[in-house]
Amino acid sequence: MTLAFVVFAAAAVWTGYRVFRTDSMVRASFLLLASFLNVGAILVLMLAEYLGTALLFMMTVEMVVMALFMVMFMMNPAGLNPMEMVHQPRFAAAAGIGSAAALAAVALFGRFPANPVDPNAATIRALGSELLGGSMLVFESAGVTLLATMVCAVVLSSHRGRFGDGDEGSVAPPLEPGGDHRPEDDLVDDADGGHHMHHGGH
Amino acid sequence: MSDVVSLSPMLGVAVIGGTLAIGAYGVVVIDRLLYAAVAGWPLSLAWAAAQPAREVATVIRRQPVTTEAPDMILWVLAPAAYAGLAATALSVVPLGPGVVVADVRTGIVVFGAAEALAIVAIFLHGWAPNSPLPMIAGYRFVGVALSYELLSMFVLIAAALPAESLSIGAIVESQQGLWNVVRQPLGLPLFLVVTAGVTFTGPLDIVDANDIAGGGAAEDSGMAHLAWAAARAAMLVAFAAAAAAVFLGGWIGPVLPGAMWMALKTLAVVVTVLAGRHLLARVRPERFVRLAWTVLLPLAFLDLAIAGAGSL
Amino acid sequence: MTLVTVLLVAAALIGIGVWGALSQQSFVMLMMGIEMMVNGAILAGGAFWAFTGGGAPKGQVLVIVAMAVMAVEMSIGFALVVAVYRARQVDMTEGVSSLRG
Amino acid sequence: MPVFAAAGVGGWGQTQELRGVPELRLVTTPRHASVLLVTGTVPEAHLVAVQRVHDQVPHPRAVVTWRAAGTAKRMPGATYVTGDAAAVVTAVQRAWSALEADPWSTAVDQLPDVEPNEWRGIGPFGQGGEGMMGGTPYGRPMAMTGDDPDGLALDELRLTLGPFLDALPAGLVLDVVLQGEVLREATLRLDALGGTAADATLPSEPSSAMARSGLRWLAHALHVEGLDALAARAAALASRVTGATDRAALSRHADALMRRVRRTGVLRNLHDVGVVPGSGDAAHRWRERMDAIVCALRDNQMPDALEPTRLDTARDLLADALPGSTLTAAISTIVSLDVGGARFGAGTLR
């Protein structure tokens, strides 16, 4: 049992690290999926059976959508081009290690009540009745929020906005970061205000 | 719940492995027979049975050719993952009265997770060879698969309502009096659509399609091609067994022993799905997506409503 | 597999998420970092439910809400990436110095 | 016996008839084949392409050429067949058993194993494109950013669907620019089809010749739409159409076949696909051509619906039909137009 936990934990952390180290975007999204699968497995080990499998199920579809999004914006088949797009690496690493250390400290020195769940309790039945019983409001509001999210996502990404096209008056980014836009940067400024300057990868 | 003898792990692996192997071979033989029947060739069981064996003999000796810069890990992982998911999906399905490899209380959610991961495996199989046509196949499959994958969850949950449990064994138990195919008429057809989709057979074969030169499998040769075809047949067996268990009463049947009933029903589902392959033309992907969202999904909601009303 | 070990793993995941989110330039990778953080949070939630919560169903509801949060965050994130791209023709965090206008 | 058929001038029609032969199994990609069948004379421009297809067939491989006057000497070690379909089947089986006996007798690669185009070191990241995108690393096209009508800059992939793609009629090359599965640009070309090798397998009597080539087109079209079994039935019927046989039986069989095809829903699928000025949508062309086959057989007529579309007319017909459609719809449109009379051997269709 603990061996399984160690294997899943190590795999989750390793694939999580690899997500930001790999070149191909699609590989990154599936490495993230692998990390989630391992976390789901740990949840099942901790007798949260429904949570684990539901996490598996939900994250798989989410990562497939993310992969679809990747290929849509970046159709090169296997990510052959080097993708070194990192900024402020040292600061990020310091922040990452700092937050991990802080949380680890809480884990190590915090005193938590020891009240483990007993293995043969019908946790799923309890969850079911809880979802539709005590925290019905939480469950329904989560559902409605998801509906609102769907509508908002479509509105945000559609070409035609309420006040005209989404890309009206959109200007090309200045060549050097931070500088303001210089009109002469635009190679071709045709009617619809868009421009056709080839810019760097994604 | 009758006393469920949960098989020991090694025995379970043997049972699942054996069922999938025999089932996959049977799927290919049935496919050859249906092909010969529709093509008007003389029907001979001997010829249909010998065909896969001869084919495997030729494929095993063929040189596995790879493209220049493939994603080799994913290319090898995809068929293995797809076959593994077929085994996972079959492991939660009871093969006989009280005989189930993994008696999991959340059988349906495990089956749904296996199905969702199968979509990832198929996309990766198209993505890995780093060649345009397989990538297009994987890419358009994901667009279509996301639209009909919801159907299977609604339909399975509808079947779980009368059983008041997520475990497929309990669902089979709940069909003692009345099979789900009668109680929830919309359930089986929608599930067959999902079965044809995830195993890309029949009208929903947009992955290894003929119009893009074999699609996802265009760059496979030798053992890679054999592994992919075997995994695909195994997934069809797993889904057929699940359809038989959830909708056709699983091992419930008057005279014959339970496992025999299960085998007959799975065979019936496999024949219907494969017949669809030779009698229905391949769908247009973009039109099927519209059909799935605007027609099939409301039907799934209706099926859930019927099930809800039924088990009030 | 005690509470402390699981929490350490969750801390490591959240740390990787923070590092990823801050170090990557492209919006989409930044969102992956945020997803990694929520992943750690879900693991921590599950651990508290299993070891200290005594199987209280409300603990599981919290984790389910965390999953819903992740779904919302991802879809709105992608919609924002598309919208920002339309407005600024850029999808790197570098190019967007301010979101006004 | 998995066979990949590469068809040259005048050879495409006969290959479609091989779908009706139970012993052979025509596969869609050279990777799945053990025997390469080259039918008809491969024109000069496509020689490198046929050699590339030859090298893609995995070892142990064998080559059989059928009525290939010009290409025979360029395919070393190939068995050369001039007879009818039965002769081809025996030749393939003999070549196959020779491979079984001695796998080392496999045909050797004809092209040096070097990348088709120079790309290393070009561009800032050395994959031959601009920035981190584009170029053709390892000879495979890589996407480049391009605007799409929805105002986003999605990635475009330039692709050439070569002269021997299983889904396109023989000799046709389709250059496409793809965004996702939608075509931005598509140009159709027939590189070079020198000479007018008469298609000797067609019966002399004109109406049977038209009916037989119509059935060959139907066999290929059904295969592309995913109905291999019905394609085999159409191919078997095509091989039985010779001038002498009695027409009544054949037209009854043809009528039954057309009813089966209608029942598969393929016409409903092709509704509103590839609407081309002057000849309606793909479903209309299919219906027209299927009725023409039956009436050509029954009352010995020469319906003009069975006339293949000349390439130049097809090119401007498709000029606005292809861009904007998906790749599947584009291929179905080209197949429904029956472009390029290669079937007739009339190689002069420029």
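## Domains of chain A

Chain A splits into domain 1 (1–75) and domain 2 (129–158), with bounds that come from an automatic or database domain assignment. Between the C-alpha centres of domain 1 of chain A and domain 2 of chain A there are 24 Å.

A word on what you are looking at: this is a predicted model, in which local features need pLDDT of at least 70 and side-chain atom pairs count only at pLDDT 80 or more, while totals for chains, interfaces and linings use all residues. Residues are numbered from 1 along each chain as its sequence is written, and chains are lettered from A and ligands numbered from 1 in the order in which they are written.

## The fold of chain A

Chain A holds 6 helices and 2 strands; helices (H or I, at least four residues) and strands (E, at least two) are DSSP runs, numbered from the N terminus. If you walk along the sequence, the pattern is α-α-α-α-α-α-β-β.

Of the 202 residues in chain A, 39% are buried, a term that asks for 20 or more other C-beta atoms within 10 Å of a residue's own, with C-beta atoms placed from the backbone. Two residues are in contact if their C-beta atoms, placed from the backbone, lie within 7 Å. Among the contacts in chain A with a separation of 6 or more, 49% are between residues 24 or more positions apart.

## A look at helix H2 of chain A

Helix H2 (residues 25–45) of chain A has 21 residues, and its first and last C-alpha are 31 Å apart, close to the 30 Å expected at 1.5 Å a residue. That expected span is 1.5 Å times one less than the number of residues.

H2(A) is mostly covered, with 20 of its 21 residues buried. Just after H2(A) comes Leu47(A), which has a positive phi of about 70°.

## Where chain C meets chain A

This contact takes 65 residues from chain C and 75 residues from chain A. On the chain C side, helix H1 (3–23), helix H2 (27–52) and helix H3 (57–88) of chain C are the elements that give two or more residues. H3(C) makes the largest share, 21 residues.

By type, the chain C side has 42 nonpolar, 17 polar and 6 charged residues. Here Ala, Val, Leu, Ile, Met, Phe, Trp, Tyr, Cys and Pro count as nonpolar, Asp, Glu, Lys and Arg as charged, and the others, Gly among them, as polar.

## Where chain D meets chain B

Here 40 residues of chain D touch 40 residues of chain B. Elements that give two or more residues to the chain D side include strand E7 (153–161) and helix H4 (206–224) of chain D. The largest share, 6 residues, comes from H5(D). The chain D side divides into 19 nonpolar, 14 polar and 7 charged residues.

Technical notes
A residue is buried if 20 or more other C-beta atoms lie within 10 Å of its own, exposed if 12 or fewer, and partly exposed in between; C-beta atoms are placed from the backbone.
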